[in-house]
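Colleague: I am new to reading protein models. Could you take me through one, feature by feature?

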Amino acid sequence: MSIRFPLKIRVLATLAALAIAVAALAAPPSTPPVPALSPPDLDAALKAGVPLVVEFGGERCIPCMNMQPVLKDLQALLSKRARVVNFWIQPNPEVARRHQIIVMPTQVIFDAKGREIFRHMGYFAQPDFEKALKEKGLL
């Protein structure tokens, strides 16, 4: 037995679905996802002469995944001033040891010379992250 809704409700439901579809089409293009670097790419990025914001984390780490929208927003905010990247430490424990990563996620800001200038361990709320970037002159 199927339930038959009144015409008015069916029309409203159709209009609501249409409004959602139009809003999705009108939405501005989203920023690309934050890239994950390999060990050679990370080394090259540290030598590139551009400040670097690195999230050392894991693909299956829940706090790391919760950081992705924050990193994506920071990527858009920093645009040409600094590069924002992920580095997955599980397949690369030697790099994690070299950078003394003991907690996932860990966010590290490197200056244009590749020197560490800031470190935070754990989830980092966007307002606090932006404050740290302002203190380091990147925002």
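The dialogue below goes from the overall fold to the sheet, the cores and the disulfide.

Modeller: Some ground rules come first. This is a predicted model, where local features need pLDDT of at least 70 and side-chain atom pairs count only at pLDDT 80 or more, while totals for chains, interfaces and linings use all residues. Residues are numbered from 1 along each chain as its sequence is written, and side-chain values use heavy atoms, with hydrogens and water left out.

Colleague: Which pattern does the chain follow, read along the sequence?

Modeller: Helices (H or I, at least four residues) and strands (E, at least two) are DSSP runs, numbered from the N terminus. Here there are five helices and four strands. Along the sequence they give α-α-β-α-β-α-β-β-α.

Colleague: What is the order of the strands in the sheet?

Modeller: Strands of a sheet pair through backbone hydrogen bonds, either parallel or antiparallel. Two strands count as paired if DSSP finds at least two bridges between them. This sheet is open, with the order 2-1-3-4 and mixed pairing. Strand 2 (83–88) and strand 4 (116–121) are at the edges with a single partner strand each, so one side of each has no neighbour in the sheet. On average, neighbouring strands are turned by 20° against each other, direction ignored. Such angles use axes, which are lines fitted to C-alpha atoms, for helices over the stretch in contact; they run from 0 to 180 degrees between N-to-C directions.

Colleague: How many bridges join strand 3 to strand 4?

Modeller: Five, and the two strands run antiparallel. Ile 109 stands opposite Phe 118, and Thr 106 opposite Met 121.

Colleague: Which strands does helix 2 touch?

Modeller: Contact means heavy atoms within 4.5 Å. Helix 2 (residues 39–46) packs on the sheet and touches strand 1 (52–57), strand 2 and strand 3. Its direction makes about 155° with that of strand 1. Helix 5 (residues 126–135) lies across strand 1, strand 3 and strand 4, at about 20° to strand 3.

Colleague: What share of the residues is buried?

Modeller: Buried means under 20% relative accessible area, exposed over 50%, and partly exposed in between, with a 1.4 Å probe and protein chains only. Of the 139 residues in the chain, 37% are buried.

Colleague: Which residues have the most contacts inside the largest nonpolar core?

Modeller: In soluble globular proteins, nonpolar side chains tend to be buried together. A nonpolar core is a set of buried Ala, Val, Leu, Ile, Met, Phe, Trp, Tyr and Cys residues joined through side-chain atoms within 4.5 Å. The largest one has 16 residues, and Val 53, Leu 78, Ile 109, Phe 129 and Leu 133 have the most contacts inside it. Helix 3 (62–78) and helix 5 each give two or more residues. Helix 3 supplies the largest share, five residues. Apart from this core lies another, of 15 residues, including Leu 37 and Phe 87.

Colleague: Which cysteines form a disulfide?

Modeller: A disulfide is a pair of cysteine sulfur atoms within 2.5 Å. The whole structure has one. Cys 61 and Cys 64 form it, with sulfur atoms 2.4 Å apart. The link is right-handed, with 75° about the S-S bond. Both cysteines are buried.
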